[in-house]
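This report describes a single protein chain for a reader who is new to structural analysis. Please keep the sequence and the structure in view while reading.

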Amino acid sequence: MLGFEDSGNLLRLLNGGEEQTVEDIVSEFNSIFRQSQYFNACTALEYLITEEKVLSPTQRLIAFAIIQQAYASQQPSSNPFISRLVDAASDDAAEKYERAFVLQLLGFTGGNNIELLKQSAADYIKNFDLSPHFLSPFNIQSFPQREQLQQQYCGKGHPEPFKCLFKDNSVKNVVPDPDVPHGCNSNSSEFDAQPGVASKIGSGNRDETVSGLLSSFSLEGLGPQWIRPFPPRLPVMDGELLWLNPDMNHELLWDYGMCADTSRGAAVRDLIAKALKNPLVPVQQEQVLVELANDPKLVYHCGLTPKKLPELVENNPMIAVEVLIKLVNSPEISDSCEYGDESSFHGSRK
């Protein structure tokens, strides 16, 4: 709701209806509250208007005037509280001067409401006469119906209020009776009428009650909570992607091949490259055979391919035989035999 300072300012404006004109009170409201605060202030006034006993007759008129004048520069249908004003103007149980006051604020009588704002709320109630406002010169014999006012002012942007089962069954807040002093029980014997003794009914502090409602209370009540169990998870259909929540607790894995000595493989690759072009000297040929014997997998990393095998057979047949022995149990043996022609193998036997 409103803060303590704003609640005090709003209450002071409501109490000014006895002496100040409505126009002066509305002007003071516009100077105290920023335009961004209009909605909160008018919402608080709407709460107070809901309870008929909270505000005095003059305070109610001031509240209606502030709610209407705060959005007077806009179309009536743009006023967020236009439905509340229409309800007040069409309430058969309300006082006739209150209904007439709201109708004049809305401009229903066709005249200008400047004269209405030039007088105080107390003077309006004191001098109120139904016939000048509605019997002439507009020939209105009775107050308008709610449907008529809704069609004229609400427009399509304000439909009928939504009837909520939860709200209708909510527990209403207890509003203290402003006519009873704080802390007293109105049903006690001390409030019984006694001859020669002034009644305590009506001696309560109305301003204290209104200030408390503005600053800390709400008239909406306590509604039942909307509680229901969580819906079950739908079954996963075939071909449907699953939503995965991967575990981000990664573990470090050691690379055992890091910093490994590759110099031996490099030397064999260099010798194989020379063996494809020219015969190797016995020392180099012995080095290749020893390295292949120590590491049988080295044959896969020495740079030798099936296409190069015929060249190795022609220039270094002993190394070629050792390579084929290493590849005898591997899938590469078939590819190697395809590129080794008969003349090459016969030449190696010579």
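The model is predicted. Gln 69 counts as buried because its relative accessible area is 19%, and buried means under 20%. This residue belongs to helix 4, which covers residues 57-69. Apart from its neighbours within four places in sequence, Gln 69 has contacts with Val 26, Asn 113 and Leu 117.

## The chain as a whole

The chain contains 18 helices and zero strands. Of its 350 residues, 35% are counted as buried. Among contacts with a separation of 6 or more, 70% are between residues 24 or more positions apart.

Helix 1 (residues 4-15) is made of twelve residues. From its first C-alpha to its last it reaches 17 Å, close to the expected 16 Å. The buried residues of helix 1 include Leu 10, Leu 11, Leu 13 and Leu 14, and also Ser 7 and Asn 9.

## Aromatic pairs

How many aromatic pairs are there? The count comes to six. In one of them, Tyr 71 and Phe 81 have ring centres 6.3 Å apart and planes at 45°, so this pair is tilted. Both residues lie in the loop between helix 4 and helix 5 (82-89), so the pair ties together parts that are ten residues apart in sequence. Tyr 71 is buried at 12% relative accessibility, and Phe 81 is buried at 4%.

Phe 101 and Tyr 124 form an edge-to-face pair, with 5.1 Å from centre to centre and 70° between the planes. Phe 101 is in helix 6 (residues 96-106) and Tyr 124 is in helix 8 (residues 121-126), so the pair ties together parts that are 23 residues apart in sequence. Phe 101 is buried, with a relative accessibility of 1%, and Tyr 124 is buried, with a relative accessible area of 4%.

## Salt bridges

Side chains of opposite charge can pair when their charged atoms come close. The structure holds five salt bridges. One of them joins the side chains of Arg 60 and Glu 98, at 2.9 Å from N to O. This bridge links distant parts of the chain, with Arg 60 in helix 4 and Glu 98 in helix 6, 38 residues apart. Are these two residues, Arg 60 and Glu 98, buried or exposed? Both are buried.

A salt bridge also joins the side chains of Arg 146 and Asp 87, with an N to O distance of 2.4 Å. Arg 146 lies in helix 10 (residues 146-154) and Asp 87 in helix 5, so named parts of the chain 59 residues apart are linked. Arg 146 is partly exposed at 32% relative accessible area, and Asp 87 is partly exposed at 29%. Arg 99 forms a salt bridge with Asp 92, and their closest N and O atoms are 3.3 Å apart. Here Arg 99 is buried, with a relative accessible area of 6%, whereas Asp 92 is exposed, with 67%.

Val 236, Leu 242 and Leu 244 make a nonpolar surface patch of about 330 Å². Val 236 is located in the loop between helix 12 (206-215) and helix 13 (263-275). Val 236 counts as partly exposed because its relative accessibility is 48%, a value that lies between the limits of 20% for buried and 50% for exposed.

Definitions and conventions. Residues are numbered from 1 along each chain as its sequence is written. This is a predicted model: local features need pLDDT of at least 70, side-chain atom pairs count only at pLDDT 80 or more; totals for chains, interfaces and linings use all residues. Side-chain values use heavy atoms; hydrogens and water are left out. Helices (H or I, at least four residues) and strands (E, at least two) are DSSP runs, numbered from the N terminus. Buried means under 20% relative accessible area, exposed over 50%, partly exposed in between (1.4 Å probe, protein chains only). Contact means heavy atoms within 4.5 Å. The expected span of a helix is 1.5 Å times one less than its number of residues. Patches are made of residues with over 30% relative accessible area and no salt bridge: like charges are joined within 9 Å, nonpolar side chains (Val, Leu, Ile, Met, Phe, Trp, Tyr) within 5 Å. Accessible areas come from the Shrake-Rupley method with a 1.4 Å probe; for residues, only the protein chains shown count as cover. A salt bridge is a side-chain nitrogen of Lys or Arg within 4 Å of a carboxyl oxygen of Asp or Glu. Rings of Phe, Tyr and Trp (its six-membered ring) pair if their centres lie within 6.5 Å; planes under 30 degrees apart count as stacked, over 60 as edge-to-face and the rest as tilted.
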